[in-house]
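Please open the model in a viewer and keep the selection panel at hand.

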Amino acid sequence: MFIRKKRTSATGLSEAELLLRLRAGDERAFEEAFYRYYNHLYAIGMQFLRSPDLTQDAIQDIYLRLWHHRARLNDAYSMKAFLAVSMKNHVLNLLRDNGR
């Protein structure tokens, strides 16, 4: 699946407001988080995986986990930093598990 992310953040929500709405199950907040942080996560994935397809799969995994565990998100932490660390750890685990 190839997804080109051109749309930018449009709601003007602060990160704290976005996190609260996401925790409450707001799908628009999830979509906003996806578009807001996609490019940052893509850069991290490409740095390690060097494959657009593998990077997009890893991003999808991260956002799927974010949605499934949204109720446990801690508003004391930056969502961008949380997603970045999650992405880095995920791709490093992929590399370790696949012997790359």
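Predicted model: local features only at pLDDT ≥ 70, side-chain atom pairs only at ≥ 80, totals over all residues.

A nonpolar core is a set of buried Ala, Val, Leu, Ile, Met, Phe, Trp, Tyr and Cys residues joined through side-chain atoms within 4.5 Å.

**The core**

Begin by selecting Leu-41, Tyr-63, Met-79, Leu-83 and Met-87, the residues with the most contacts inside the largest nonpolar core, which has 25 residues. Now colour H1, H2, helix H3 (52-68) and H4, the elements that give two or more residues to this core. H2 gives the most, with eight residues.

Remain on Met-79 and display its surroundings. Apart from neighbours within four places in sequence, Met-79 is in contact with Glu-15, Leu-18, Leu-19, Leu-22, Ala-33 and Tyr-37.

**H2 against H4**

Select helix H2 (residues 27-49) together with helix H4 (residues 79-98); their axes come within 9 Å and cross at roughly 35°. The crossing of H2 and H4 is right-handed. On the H2 side, show Ala-33, Tyr-37, His-40, Leu-41, Ile-44, Gly-45, Phe-48 and Leu-49, which make the contact with Met-79, Lys-80, Leu-83, Ala-84, Met-87, Lys-88, Val-91, Leu-92 and Leu-95 of H4. Coloured by class, the residues of this contact divide into 13 nonpolar, two polar and two charged.

**H1 against H2**

The axes of H1 and H2 are 8 Å apart, and the two helices pack at an angle of about 135°. H1 is therefore oblique to H2. H1 passes H2 in a left-handed crossing. From H1, select Glu-15, Leu-18, Arg-21 and Leu-22; their counterparts in the contact are Ala-29, Phe-30, Glu-32, Ala-33, Arg-36 and Tyr-37 of H2. This contact of H1 with H2 has six nonpolar and four charged residues, with no polar ones.

**Arg-21**

For the last stop, centre the view on Arg-21, in helix H1 (residues 15-23). With neighbours within four places in sequence set aside, Arg-21 is in contact with Leu-13, Asp-26 and Ala-29.

Key. Residues numbered from 1 in each chain as written. Heavy atoms only, no water. Helix = DSSP H or I, 4+ residues; strand = E, 2+ residues; numbered from the N terminus. Contact = heavy atoms within 4.5 Å. Axes fitted to C-alpha atoms, helices over the stretch in contact; angles between N-to-C directions. Left-handed = near helix turned anticlockwise from the far one by under 90°. Nonpolar A, V, L, I, M, F, W, Y, C, P; charged D, E, K, R; others polar. Parallel < 35°, antiparallel > 145°, perpendicular 65-115°, else oblique. Buried < 20%, exposed > 50% of the residue type's maximum accessible area, 1.4 Å probe, protein only.
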